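Let's walk through this protein together, one question at a time. Have a look at the sequence and the model first.

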Amino acid sequence: MRPAPSGTPRPTGAAGSRFGPPPSPPQAEAGRSSETTPRPGPRPARATPRPTEPPHPPANPTPRPTPPTASPTHGTGHPPTEPSPEYPRPTAQPSHATPRPTASPAPEAPHPIARPSHGTSHTPTTPSHRTPHPTAQPPADALLDGTSAASPHPDPLRHAHWIALVSDATEAPGWDMSRTVLERMTARSPIGIAIVDTDLRFVWSNAALERFGGGRAYERVGLRLAEVQPGLDADRIEAQMRKVLETGVPVLDYEHIGRVRSAPYRETAHAMSFTRLEDDHGRPIGVYYTVMDVSDRHRARTRLALLDRAGEHIGRTLDVRRTTQELADVVVPALADFVTVDLLDSVLRGAEPGPLGDGSVPLRRTGQQSVRPGVPEAVVEIGAVASYAAGSPPVRALVSGRSWSQPSLDPTSAGWAKAVPGGRELPADALGLHSVMIVPIRARGITLGITTFFRRDRQDPFDAVDLGLAEEIVGRAAVCVDNARRYTRERDAALVLQRSLLPRRLPDQDAAEVAARYRPADELTGVGGDWYDVIPLSGARLALVVGEVAGHGIDGAAAMGRLRTAVRTLADLDLPPAEVLAHLDDMVAKSARQEGEEGGGSVETVGARCLYVVHDPVSGTCAMATAGHPAPALVAPDGTVTRPALPEGPPLGVDGQPFEAVELELPEGTVIALHTDGLLAEATPDALCRALARPEPSLDRRAQRVLDALAPARPIDDVALLLARTRRLPAHRVASWEIPADPALVAEARKTTARQLGVWGLDELAFTTELVVSELVTNAIRHAAGPIRLRLILERTLICEVFDGGATAPHLRHPRTTDEGGRGLFLIAQFTQRWGTRFLPDGKVIWAEQSLADPLG
């Protein structure tokens, strides 16, 4: 190898490499051969750069023939040379790279294993990645000491010798960059980097870590993390470091949330990665970790999680008050420390709010929540009126429909004093509120109320991101509130309709002691079509009815009203229970066919179920029939609960099958329990029997206890419960006579009636009663056949009944003044409260009732 003249400048490397010069041609060729034959060895020594000097001619120049086709290469300072057989020269190509001079001996011989100076970096030379240069190769007889075989005696003036050691440096640690390059790279890195020792004390950190606060890098040395960042949970972070020191397994993307010195009033999120550092023997010497600020990502993830939670928890019911309380519960403490929700009174009633003026607007507190137990910051309680002064921020937000916020709030200021409901004095716990947002609750273009957010314990004020998040959550809640408002309006209308169709009070009668309970379904199910009824019948009898339709809401209530009216109409005809259900079934089927042909209307009545029971206090019998409804429970006087074997007919309007009835004789004091299926929606029939068997001082208390024990406060279906404790009329209050079919005996019937009224102390009713008996008995003798029986019943009214074997019913006529007959029933209708005909299997009964309070009827 020919040494270059002293002072030859060191090249900067091929292709402008910034990490060090490329190897000399022999070195490069040796590198190429190392691909097949690797030669481990020490790192080659490099000479220290010297000032540039003019090149000296070689001591023993060896003439070399010049090939005839060779020409100087552009951009190089080497003369053309002959390719060596051992080092074939590539084809000469134009090159614009920096001239590659040959090496020259230094004035002093460098150490064979001298390390490169600081600031010098070396780049690996891969043969397949480097463009070959047309550089002259040393002659075959060149020696390592700078002499050649042709000239065995070295120049005595030359003291320095070059020793070239070639090895594969790809596996050597730090072969490609120096400490200076590494320090520059870490210093300019946007990621915070630090190294701690095995005691977890800082050894080194870069400048990016200073952005998180805690002092300069040299100030951290020897300190623990808790001393540098007291706002972080140092124990948890150091636990990760110890885990890495013990296991050697890196921990990547460990996310930690806390307060750093650079942002002490806001929680920030950081992604940290930990790697163990080891010495040459594999022993741990510390932990290398990186820190990245991922607060934006964390806030975005927190925002999405809060929105998802709001969608899951807000609006689960159709109750306005519960929905607003769910809103307050969701945003505390995720967004605010104290939240209040105020709605207009009209919203709570289900009505649409009217126009709002600039004056004082009364609102009602429907929801509030705080991070502190008991909500000590509240000025008004839930359900109380919250009146805000005109021009106050809440009123401005309510009227304008735009949000209002104040990052720095002074609760004691005069401007905020107007925002205190009713001008009341703030509690001590409210004096620490320092930031506020007021967001109007708007849905479908209507402002329903306002939501106010406060911060107290969290030192960071509300910003634009918080306001946008609050508006989105309140906007979603506003739709739920408006839906609940609309449903409240419809539900209230259905309840009003249903209550108007149900019995407002139970009628006074002596056949049974009656108690009833009704509980409508919850908001999600809606008001159903369950109903009950108590209908006094002729002859002191009593009809008990329960039923239910399939629909809910206003349609269900309307269908229930139609069925109840039809049942009462059929009951007035004094039909037996099976015939009542048969006529009701025909009516439902006919109505459904008509509505189906017209293509409109509802068919909630199809499939309705009904139970019809008639109790006779005179005979003590009870007749019943059912259309798809379970049989009633019978509670004997001794507490035994049974269910009669009642054939269950089909629901109304389904298949037109006949209904069967049963007749039982019940002891006095038996409780007949009729109920809809909503009572057993969450209970069993055995539970109902146990509840009915428990004695209670009154029937009313028993009904309430059974309802509370079996039905929840907000049932999924309507619940109707009707209890009736049977009574028997005493024998002295019933008088009966058999009358032969002889017109001459009509006078005797009038006298017998007058004597019985005298016994009962009803002499003032003798004239009208004799008139009724005379007319009814005469008609029976004249127009009917078979035996005739007269019966007087003293209940709350005086009842006169005439039994005969005829099958035809008399009709009321309105005779003209010239007619000689036909006025009998007309007179009866004028002197009695009501009259009618009741058909029996072996005939009929003509009856009339007179009021005991007004003898003239």
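Q: Which residue in β10 is the bridge partner of Trp 404?
A: A quick note first: this is a predicted model, in which local features need pLDDT of at least 70, side-chain atom pairs count only at pLDDT 80 or more, and totals for chains, interfaces and linings use all residues. Residues are numbered from 1 along each chain as its sequence is written, and side-chain values use heavy atoms, leaving out hydrogens and water. Strands are DSSP runs (E, at least two residues), as helices are (H or I, at least four), numbered from the N terminus. In β10, Trp 404 has as its bridge partner Ile 438.

Q: Over how many bridges do β9 and strand β10 pair?
A: Two strands pair if DSSP finds at least two bridges between them. Here β9 and β10 (residues 435–443) pair in the antiparallel sense, and the number of bridges is 3.

Q: Which are the edge strands of the open sheet of 6 strands?
A: The order in this sheet is β8-β7-β6-β11-β10-β9, with antiparallel pairing. An edge strand here pairs on one side only, and that picks out β8 (385–388) and β9 (404–406).

Q: At about what angle to β10 does α11 run?
A: Helix α11 lies across β6 (338–344), β9, β10 and β11 (446–455). Angles run from 0 to 180 degrees between N-to-C directions, with axes fitted to C-alpha atoms, for helices over the stretch in contact. For α11 and β10 the angle is about 35°.

Q: Are α6 and α11 roughly parallel or roughly antiparallel to each other?
A: Helix α6 (residues 295–313) packs against helix α11 (residues 464–501) at about 15°, with the axes 10 Å apart. Angles under 35 degrees count as roughly parallel, over 145 as roughly antiparallel, 65 to 115 as roughly perpendicular and the rest as oblique. The two helices, α6 and α11, are therefore roughly parallel.

Q: How many charged residues does the contact of α6 with α11 have?
A: Contact means heavy atoms within 4.5 Å. Among the residues making it are Arg 299 and Arg 303 of α6, and Asp 466 and Glu 472 of α11. Asp, Glu, Lys and Arg count as charged; Ala, Val, Leu, Ile, Met, Phe, Trp, Tyr, Cys and Pro as nonpolar; and the others, Gly among them, as polar. By class there are 6 nonpolar residues, 1 polar, and the charged ones number 5.

Q: Why is strand β12 largely enclosed by the rest of the structure?
A: Buried means under 20% relative accessible area, exposed over 50%, and partly exposed in between (1.4 Å probe, protein chains only). Strand β12 (residues 512–519) is largely enclosed because its buried residues number 6 of the 8.

Q: How far apart are the axes of α17 and helix α18?
A: Helix α18 covers residues 824–831 and packs with α17 at an angle of about 150°. The contact includes Leu 771 of α17 and Phe 831 of α18. The distance between the axes is 10 Å.
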